[in-house]
Amino acid sequence: MCLAVPGRLLDIDGDDALARQGRVAFGGIVKQANLAYVPEARPGDYVLVHAGFAIAVIDEREAARTLDFLATAGGSLEAGS
Amino acid sequence: MKHIDEWRSSTLACRYAQAVAQITTRPWSIMEICGGQTHSIVRYGIDRMLPSGVTLLHGPGCPVCVTPAGVIDAAIAMASRPGITFCSYGDMVRVPGERGSLLSASAHGADLRIVYSPLDALAIARKEPERNVVFLAIGFETTAPATAMAVLQAKREGIVNFFLLVSHVLVPPAIDAILSDPESRVQGFLAAGHVCTITGYAAYEVIARRHHVPIVVTGFEPVDLLQGVYLCIRQLESGSAMVENQYSRVVPREGNRGAQEAVAKVFVVQSQQWRGMGEIPASGLGLAPAYAQYDALARFGGRAIPPEHSGVCISAELLRGRKRPAQCPAFGTRCTPEHPLGATMVSSEGVCAAYYRYRRSEPTPADDKAGAAV
């Protein structure tokens, strides 16, 4: 139910705060997604799409850092209190 | 596909499994919250890659599973009325209430449409102004912003034939309820990454402190899950109890502010019934007074009173992490995805459906172990 799929934002259509949308490529499939919740998204960004809405822009630097975690054994990820 | 393939690397997954084994000195029970995580764990056999003393308990993280049967009955009654077009996510249409399912109502003439987004339901309302379009709004914090945006758009456009049957639920109060149960065996949590994408994880820091349990915000792919387990066990072994964020490529501590604001505008927090868990205070969302005109129950009547849980189905125990599917006498015999006795079998993310699909023919040592421990 909370499935969200990463895809590459191809282009953005319109600038309306509620209805701004863009085309997102998931492998070979392209679908429209509402971009109201990711005002910072730019074409070329990878966004996470759930129920027709992009809910996050994927942070490439954090992705690389998380993948490298074991290599820097004993390292720590972001932690709250 | 970028941002998927690298997190399914079997080489990296095996390295994490080794790393977990190296730091584990005693048995631990960790609960994952989200049904999507449960599905991945069973599908990829993540639990079987862990040391024999480490048990993954499957939590109440499938909104389809925890939607009260009374809501489904109200949905069926509404869908069966003339003039109503009833829209639902596909997961929901086969879930049995007390009087059949939405799909069986459709077979008897109800105008049922399966949609991918609440915006699709709103588009139907726009296109067919002579129909009253009702959307069954279920889901956790991940999904509530989509519902909220459909309402905000409807209000702005003055659309008067769009309504919601709301049964949105919130995760932190359910975690709190599980940990407050004296019989709880849960020692650490993997929090649901996509819920936290919206909400952030400040609320989980309060729970970690209150119950002294480590909570790791975790993604959904095999490497994510193994890394989440590694971080959780590392805390358990050292006696630490804080929130760590494995899914930092997607989840910032503060979450998605725009989505939070939309939800806060359209909804109010209220007490909520969970199928299998009963009523949990402040664990659901209802429409705020300013948006009461979109309330389908108020407009079309009917009251969503959840019937008592009954029968042989043990989903109530499953959702609290007390039992495993193999301990249910009906699992795989009287209860199958074709003829589900409870919602943990009917939704593809339900724990019983996941075990039925991937583990039916082979009772696992993990199940036996968990069974002995309960």
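What percentage of the contacts in chain A with a separation of 6 or more is accounted for by residues 24 or more positions apart? The share is 25%, two residues being in contact if their C-beta atoms, placed from the backbone, lie within 7 Å. The model is predicted: local features need pLDDT of at least 70, side-chain atom pairs count only at pLDDT 80 or more, and totals for chains, interfaces and linings use all residues. Residues are numbered from 1 along each chain as its sequence is written, while chains are lettered from A and ligands numbered from 1 in the order in which they are written.

**View 1. Chain A and its secondary structure.** Chain A holds 1 helix and 5 strands; helices (H or I, at least four residues) and strands (E, at least two) are DSSP runs, numbered from the N terminus. From the N terminus on, the order of elements is β-β-β-β-β-α. Of its 81 residues, 35% count as buried. A residue is buried if 20 or more other C-beta atoms lie within 10 Å of its own, exposed if 12 or fewer, and partly exposed in between, with C-beta atoms placed from the backbone.

**View 2. The contact of chain B with chain A.** Chain B contributes 51 residues and chain A 33 residues. On the side of chain B that touches chain A, the largest share, 6 residues, comes from helix H7 (residues 144-157) of chain B. That side of chain B divides into 25 nonpolar, 16 polar and 10 charged residues. In this classification Ala, Val, Leu, Ile, Met, Phe, Trp, Tyr, Cys and Pro count as nonpolar, Asp, Glu, Lys and Arg as charged, and the others, Gly among them, as polar.

**View 3. Helices H6 and H7 of chain B.** The axes of H6(B) (residues 118-127) and H7(B) come within 8 Å and cross at roughly 25 degrees. This crossing makes H6(B) roughly parallel to H7(B). Axes are lines fitted to C-alpha atoms, for helices over the stretch in contact, and angles run from 0 to 180 degrees between N-to-C directions; angles under 35 degrees count as roughly parallel, over 145 as roughly antiparallel, 65 to 115 as roughly perpendicular and the rest as oblique. B:Pro118, B:Leu119, B:Ala121 and B:Leu122 of H6(B) meet B:Ala146, B:Thr147, B:Ala150, B:Gln153 and B:Ala154 of H7(B). By class, this contact has 7 nonpolar, 2 polar and no charged residues.

**View 4. The open sheet of 6 strands in chain B.** The strand order is S4-S3-S5-S6-S11-S10, with mixed pairing; two strands pair if DSSP finds at least two bridges between them. S4 (111-114) and S10 of chain B stand at the edges with a single partner strand each, so one side of each is left without a neighbour in the sheet. Direction ignored, neighbouring strands are turned by 25 degrees against each other on average. S3(B) (residues 84-88) and S4(B) pair in the parallel sense over 4 bridges, and B:Ser88 has B:Ile114 in S4(B) as its bridge partner. H6(B) packs on the sheet, touching S3, S4, S5 (132-139) and S6 (162-169) of chain B, and its direction makes about 175 degrees with that of S5(B).

**View 5. The hairpin of S10 and S11 in chain B.** S10(B) (residues 267-274) and S11(B) (residues 278-287) pair in the antiparallel sense over 7 bridges. B:Val269 stands opposite B:Leu285 in S11(B). The hairpin has 3 residues between the strands, and B:Gly276 takes a positive phi near 90 degrees.

**View 6. The open sheet of 5 strands in chain B, with helix H2.** The order S2-S1-S7-S8-S9 has parallel pairing, and the edge strands S2 (54-61) and S9 (243-245) each pair on one side only. S8(B) (residues 215-218) joins S9(B) over 3 bridges in the parallel sense, with B:Val243 as the bridge partner of B:Ile215. H2(B) packs on this sheet, touching S1 (28-34), S2, S7 (188-192) and S8 of chain B, and its direction makes about 125 degrees with that of S1(B). H2(B) (residues 35-44) is mostly covered, with 8 of its 10 residues buried, including B:His39 and B:Ile41. B:Gly45, which follows H2(B), has a positive phi near 70 degrees.

**View 7. The surroundings of B:Leu102.** B:Leu102 lies in helix H5 (residues 102-107) of chain B and counts as buried because it has 25 C-beta neighbours inside 10 Å. Not counting residues up to four places away in sequence, B:Leu102 touches B:Ala75, B:Ile76, B:Ala79, B:Phe86, B:Ser88, B:Met92, B:Val93 and B:Leu112. The C-alpha atoms of B:Leu102 and B:Ala79 are separated by 7.6 Å, although these residues are 23 residues apart along the chain.
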